[in-house]
Amino acid sequence: MRTHVLLLLALLAGAVRGAREKSQLGTADRLRTRREIPTGVALRNTGSSIYKRSQDATKVSITKSDQLLSIGDHDFTMRPNFGGPAVPVGVDVQVESLDTISEVDMDFTMTLYLRHYWKDRRLSFHSSTNQSMTFDGRLVKKIWVPDLFFVHSKRSFTHDTTTDNVMLRVFPDGKVLYSLRVTVTSMCSMDLSCFPLDTQTCSLEIESYAYTDDDLMLYWKEGNESLNTDDRISLSQFLIQEFRTSSKLAFYSSTGWYNRLYINFTLRRHIFFFLLQTYFPATLMVMLSWVSFWIDRRAVPARVPLGITTVLTMSTIITGVNASMPRVSYIKAVDIYLWVSFVFVFLSVIEYAAVNYLSTRQERRERRVREQDAMERELREQVGSGVQS
């Protein structure tokens, strides 16, 4: 009897344990099913708002410009016509201002609008009105653009006030206009042998950084008409004689041949500033040093300060001119004029010193002669008085 009771209790305990395990397995299945259900799919028998969330449109939707230009369907890390002929890229430039010309640093600063023209069939789109679309700089990072840079530039930047000064215009047939506003400081090798009567020719050079002439053909879009300048451009020290364009191939031994475009401009220096600040004062100092020639040679307090003042003034003028010029190893035209003037002024001081020395020596000689004559006269008088006595 006891055995039957124990067996009955064991069966009841097993049934309870099995029911509990089954309940736990059902709960786990329901949780797993919840995790596997995608976001935004609603369950028929569930009223919870967790399963009714809509899909995040900002993360998965495609912008209208990307859809229209099929940006996601192409690899824009490669140039157009990859593996085929070189991509023609036309360039034109609008010079806004020519800011500074520095003889000391041998450079110039220019602000310009740089525009690129090329055709990329991957960006073609259907348009019933054949109108282009204009975008700002945000789309530039998604498509291929020419990698132009300024050769021999020291500093350059793209203006960003009030926003990035970048414009992209795409036409239905895939033609692209890419424009940006840039300020660049570039090297200009100057020959100052004729300074300040010199004429300088500087150039801004544009070239592709990565693509050789086999991949990218860089050219002026309209020849010399591709370079436009503002009529109000002026410089304080220079007269801008002309702007012109040119192009040639540049060779690098490591990478090959590249197309290079040149913006050449010729500057002629204004002479009037240097006439007032350098030539006229130096001329007056030379003339002032000549005044001492009309002063009595015995007036030492008047002639010595005058000569020293003119010498020191000429030294100051020479120092001031050289302070605003680079330390070149050749002689400039202004150096010849200033040093000749300095020599004249210095010789006027030497002339007074020589005159004073020679006159003093002459006076001593004459004094000795007079003293000897006086002694001889006195001796003769003594001899004559002794004879009479």
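User: Which residues are linked in a network of salt bridges?
Analyst: Glu103, Asp198 and Arg269 are linked that way. A salt bridge here is a side-chain nitrogen of Lys or Arg within 4 Å of a carboxyl oxygen of Asp or Glu. Before we go on, this is a predicted model, where local features need pLDDT of at least 70, side-chain atom pairs count only at pLDDT 80 or more, and totals for chains, interfaces and linings use all residues. Residues are numbered from 1 along each chain as its sequence is written, and side-chain values use heavy atoms, with hydrogens and water left out.

User: How many salt bridges does the structure hold?
Analyst: It holds 17 salt bridges. One of them joins arginine 260 to glutamate 207, with the closest N and O atoms 2.6 Å apart.

User: Where do arginine 260 and glutamate 207 lie?
Analyst: Arginine 260 is in strand E12 (residues 256-269) and glutamate 207 is in strand E8, so the pair ties together parts 53 residues apart in sequence. Helices (H or I, at least four residues) and strands (E, at least two) are DSSP runs, numbered from the N terminus.

User: Are those two buried or exposed?
Analyst: Arginine 260 and glutamate 207 are both buried. The classes go by relative accessible area: buried is under 20%, exposed is over 50%, and partly exposed is in between (1.4 Å probe, protein chains only).

User: What about glutamate 363, what does it form a salt bridge with?
Analyst: Its partner is arginine 297, and the closest N and O atoms are 3.5 Å apart. That pair links distant parts of the chain, with glutamate 363 in helix H6 and arginine 297 in the loop between H4 and H5, 66 residues apart. Glutamate 363 is partly exposed at 33% relative accessibility, and arginine 297 is partly exposed at 30%.

User: OK, switching to rings. How many aromatic pairs does a search of the whole structure find?
Analyst: The search turns up 13 aromatic pairs. Rings of Phe, Tyr and Trp (its six-membered ring) pair if their centres lie within 6.5 Å; planes under 30 degrees apart are stacked, over 60 edge-to-face, and the rest tilted. In one of the pairs, tryptophan 144 and tyrosine 211 have ring centres 5.9 Å apart and planes at 70 degrees, so that pair is edge-to-face.

User: Which loops hold tryptophan 144 and tyrosine 211?
Analyst: Tryptophan 144 is in the loop between strand E3 (133-135) and strand E4 (148-151), and tyrosine 211 is in the one between strand E8 (199-208) and strand E9 (216-220), so the pair ties together parts 67 residues apart in sequence. Tryptophan 144 is buried, at 4% relative accessible area, and tyrosine 211 is buried too, at 18%. Ring pairs also link Trp118, Trp144, Tyr178 and Tyr211 into a cluster.

User: Now the helices. How many residues does H5 have, and how far does it reach?
Analyst: H5 (residues 300-323) has 24 residues and reaches 35 Å from first C-alpha to last, close to the expected 34 Å. The expected span is 1.5 Å times one less than the number of residues.

User: Which residues are buried in H5?
Analyst: Arg303, Leu306, Gly307, Thr310, Val311, Met314, Ile317, Ile318 and Val321.

User: And the surface, which residues form a nonpolar patch there?
Analyst: The patch is made of Leu284, Met287, Trp290, Phe293, Trp294, Ile331, Ile336, Val340 and Phe344, with about 1,000 Å² of accessible area together. Helix H4 (272-291) and helix H6 (333-388) are the elements that give two or more residues to it. Patches take residues with over 30% relative accessible area and no salt bridge, joining like charges within 9 Å and nonpolar side chains (Val, Leu, Ile, Met, Phe, Trp, Tyr) within 5 Å. Accessible areas come from the Shrake-Rupley method with a 1.4 Å probe, and for residues only the protein chains shown count as cover.

User: Last topic, the backbone. Which peptide bonds are cis?
Analyst: A cis bond joins threonine 161 and threonine 162, with omega about 0 degrees. The bond from phenylalanine 195 to proline 196 is also cis, with omega near 5 degrees. Threonine 162 is in the loop between strand E5 (153-158) and strand E6 (166-170), while proline 196 is in the loop between strand E7 (175-187) and E8.

User: What is phi of histidine 152?
Analyst: It's near 65 degrees, a positive value in a residue other than glycine. Histidine 152 lies in the loop between E4 and E5, and is partly exposed at 42% relative accessible area.
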